[in-house]
Amino acid sequence: MDKHDRSADSTPADMTRRDVMKLGAAATLAASLGVTDSAAAEMQTGVATAASSGAKFFTPPEYALVEELSEMIVPADEHSPGAKAAKVAAHIDGRLAEAWEPADRTTWRDGLALVDQLSRDTSGKPFLESSPAERLSLLTRIAQNEQKPQKPEEHFFVELKGRVVHAYYTSEIGIKQDLEYKGNTYLAEFVGVDLR
Amino acid sequence: MNILRLLLQRTQPPEVDLLRTYDAIVIGSGAAGGMAAHVMTSQGMQVLMLEAGKKLEIDKELKSMEWPFDHPRRGGMPPGHHPLSLNEYTIRQPPYADNVKAEKVYSYVQGWNGADYSKNIVVNEKEHPYTGTNYAWVRARCLGGKTNIWGRLALRLSDYDFKAKSRDGYGDDWPISYKDIEPYYDRVDEYLGISGVKENLPYLPDGHFQRPTRLTSAELTLRNSLQKMNRILTPYRAGVTTDGLKHNKYRSRCFGRGACNRRVGGCDIHAAFDSPTGLIYPAMDTGNLTLRTNAIAREILVDKNTGKARGVSFVDAESGRTYEAKAQVVVLAASTLESARLLLLSKSGTHPNGLGNSSNHVGHNFCEHVMGPGVTGLVKERIGKPRTLDDGRPGGFYIPRFRNLTDKHPRFIRAYGFEGSSGTQMFPGNATDTPGFGAGYKKTVRDYAGAFISMGGFGEVLARYENQVDLDPVRRDKWGIPVVRFNYRFGDNEKKMCEDMADTARDMFEQAGFEIVGVDRNVLTEGWSIHELGTARMGNDKKTSVLNQFQQSHDAKNLFVVDGSSHVSASCQNPTWTIMALAWRSCDYLVSEFRKGNL
């Protein structure tokens with residue numbers, strides 16, 4: 001356990017976070033990457049969240065990417081907030097940071113890099129800098145073989161969605177606001193219908 | 001709750017006195033051991049109970065009301081702790097923890113909300129290996145054993161089970177009839193509490209039921225539809241006190257807090273029966289029970305002149321030191337497979353094949369329930385409807401057996417029943433299965449979350465002599481004790497029964513008007529039901545059985561084996577209530593024989 005904890009502490013995540021802090025502001029980073037205004041605004045939020053929520057494994061750009069992907073999978077709608085508000089990325093980050101199997105972390109690091117790579121291949125930009133339509137098109141593409149994933153990006157989508165969905169529907173927002181779950185409370189009588 | 005905790009703290013065990021000869025030693029503290037302690041101590045016998053595991057602060061383990069988001073890992077185990085998966089049990093061979101890198105490896109038992117709540121209750125497989133054929137063997141080494149996490153379905157057997165051989169010619173009849181055990185089922189109902197609805201079925205006798213749970217509208221639809229097929233759906237008969245028990249200060253009545261299945265079945269207000277609060281603490285209050293935890297029974301010691309049991313050698317789980325405790329009677333209740341293991345470990349000059357094993361039947365006739373086939377249906381009227389509270393109850397429904405009652409099925413003998421439920425749960429199972437992503441996905445999950453109904457079968461596995469466990473000649477556990485080796489497989493009858501299970505499940509849902517979402521035809525790995533039975537069966541013939549009708553050894557009359565190992569056949573009904581009724585009956589006999597000086 002001790003050994004594991006130390007190795008978790010020395011992940012690149014910490015280094016990168018310190019580097020970002022040195023830059024002074026997330027906006028600086030976004031600007032230096034030459035992103036569009038709306039994407040910059042989103043990224044700013046993402047990076048700021050990553051830094052302030054103390055991501056333990058994801059780098060700030062990775063954290064922002066996970067937040068965006070999770071919100072695309074379970075978005076806010078008129079009924080309830082989505083994955084971002086439910087802090088799904090922070091939960092996944094915490095689990096990966098302490099994961100016993102290094103392969104769990106590699107899967108995510110490689111998977112997120114692959115998403116960006118695929119985005120560059122099609123739109124010439126990393127995922128977060130591509131247009132909403134381009135993002136949707138890419139996610140739709142890697143989601144299409146969900147039942148029988150073949151390609152690495154399809155396997156990553158299954159992993160991504162599995163963790164996002166579990167994290168969202170075990171969150172307070174998922175349980176209480178989206179599903180309006182009424183249980184886990186003391187009832188004087190059982191609820192249900194009478195026989196016959 | 002604070003008052004309850006204070007009461008529990010007051011029940012401190014007296015120290016075990018190794019110089020003294022106790023009236024009886026009970027090995028094991030689960031349903032059978034707890035009942036043996038209750039029956040003997042309430043009639044004045046001085047009893048020492050040996051439990052291999054710890055006395056846990058169980059409410060701190062179960063945390064029945066904790067929201068998933070208040071758990072640091074949403075119910076998941078800490079890094080380095082690994083619960084075995086179905087896949088591992090299927091594609092790998094025991095010992096399952098071998099070559100697993102994780103620090104601690106646990107058997108599969110867990111709810112959807114993760115295995116963290118059961119990790120201190122079930123054993124670490126690295127310390128408790130076993131060998132041989134595939135088997136998902138769940139062991140709970142702590143005070144109360146598996147009763148801390150059981151599924152709570154509390155059913156009676158009938159003469160369709162006890163006299164099954166007389167009906168179809170297979171195997172052996174039990175040495176008792178329903179009328180022998182009926183008064184003891186009644187006593188178990190009254191003493192521990194049970195919820196249910198009377199149905200007047202000869203093959204699933206009614207009990208003394210407290211307030212029943214209620215069905216969802218979809219379940220009532222299925223019940224009404226089944227009546228046309230001459231089949232029954234009844235609300236879950238739960239070993240849960242729904243009205244409370246005036247004679248038991250450790251247990252509250254059920255408050256339908258729901259989500260009982262998000263953990264592993266445990267209940268921190270102890271409305272669901274568990275052996276510590278239901279049986280052991282009240283037995284300690286008599287002043288006649290001494291409890292020694294962390295005491296791993298290593299051997300039942302035998303008087304070399306009389307061949308009778310004289311005590312138990314046990315290893316302290318923490319220090320590894322060996323001790324001997326003495327008693328006039330030994331009651332073995334360590335669970336079906338651990339009891340067989342201990343009998344086989346107890347070799348002596350008078351019992352060269354193991355204690356009570358002159359028949360060579362110890363470890364044989366091992367049977368259980370086969371699981372896997374089932375069905376999930378969609379109740380279209382429920383889609384998009386306002387949220388209802390459907391899991392505020394300890395269980396859904398039970399469909400008792402219907403095969404081989406009056407008819408004779410052409411392909412298999414014996415029968416199966418179904419357990420199922422419907423409606424909303426804290427975690428929407430359909431979130432995992434619904435394809436896609438985005439606003440449409442989210443709305444579909446929400447609209448459909450309460451609209452599913454599902455059930456799965458539990459079928460009788462025939463008792464066969466060749467299905468057995470023995471001791472591995474090489475492998476030892478952490479304390480140097482030889483481990484169990486499995487030689488056990490499902491047979492042809494089970495496979496054919498499972499095919500029928502899947503077909504009838506689908507048919508019943510279709511008849512009820514549910515849209516079929518999925519039919520599961522896969523048979524789960526041996527052991528999945530956690531209903532091991534039969535390794536020291538009762539019988540009238542000492543050449544083909546280990547125990548008589550009072551669970552008393554044919555070979556050593558002051559040795560009783562009161563757990564599921566005594567069962568002659570598995571039936572298809574869940575065994576816990578029968579284990580306790582039989583133990584009560586046998587221990588009543590034991591006390592009277594003890595008084596007469598016959599033991």
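The model is predicted: local features need pLDDT of at least 70, side-chain atom pairs count only at pLDDT 80 or more, and totals for chains, interfaces and linings use all residues. Residues are numbered from 1 along each chain as its sequence is written, chains are lettered from A and ligands numbered from 1 in the order in which they are written, and side-chain values use heavy atoms, leaving out hydrogens and water.

**Where the chains meet**

Let's start with the contact (heavy atoms within 4.5 Å). Chain A puts in 55 residues and chain B puts in 58 residues. The buried area is the accessible area (1.4 Å probe) that two parts lose on being put together, summed over both. Between chain A and chain B that comes to about 5000 Å², with carbon and sulfur atoms giving 59%.

There are 7 salt bridges between chain A and chain B. A salt bridge here is a side-chain nitrogen of Lys or Arg within 4 Å of a carboxyl oxygen of Asp or Glu. Side chains of opposite charge can pair when their charged atoms come close. Over all chains, the count is 49 salt bridges.

| Pair | N to O distance |
|---|---|
| A:Glu98 and B:Arg73 | 2.5 Å |
| A:Glu189 and B:Arg211 | 3.5 Å |
| B:Arg414 and B:Glu460 | 2.8 Å |
| B:Asp492 and B:Lys496 | 2.8 Å |

Take the salt bridge between A:Glu98 and B:Arg73. A:Glu98 sits in the loop between α6 and α7 (102–123) of chain A, and B:Arg73 in the loop between α3 (58–62) and β3 (81–83) of chain B, so this pair joins two chains. Helices (H or I, at least four residues) and strands (E, at least two) are DSSP runs, numbered from the N terminus. Both A:Glu98 and B:Arg73 are buried. Buried means under 20% relative accessible area, exposed means over 50%, and partly exposed is in between (1.4 Å probe, protein chains only).

Now for a pair inside chain B: B:Arg414 and B:Glu460 form a salt bridge. They link distant parts of the chain, 46 residues apart, with B:Glu460 in strand β14 (residues 452–460). B:Arg414 is buried at 6% relative accessible area, and B:Glu460 is buried too, at 4%.

B:Asp492 and B:Lys496 also form a salt bridge. They are 4 residues apart in helix α13 (residues 492–511) of chain B, which means about one helical turn separates them. B:Lys496 is partly exposed, at 24% relative accessible area.
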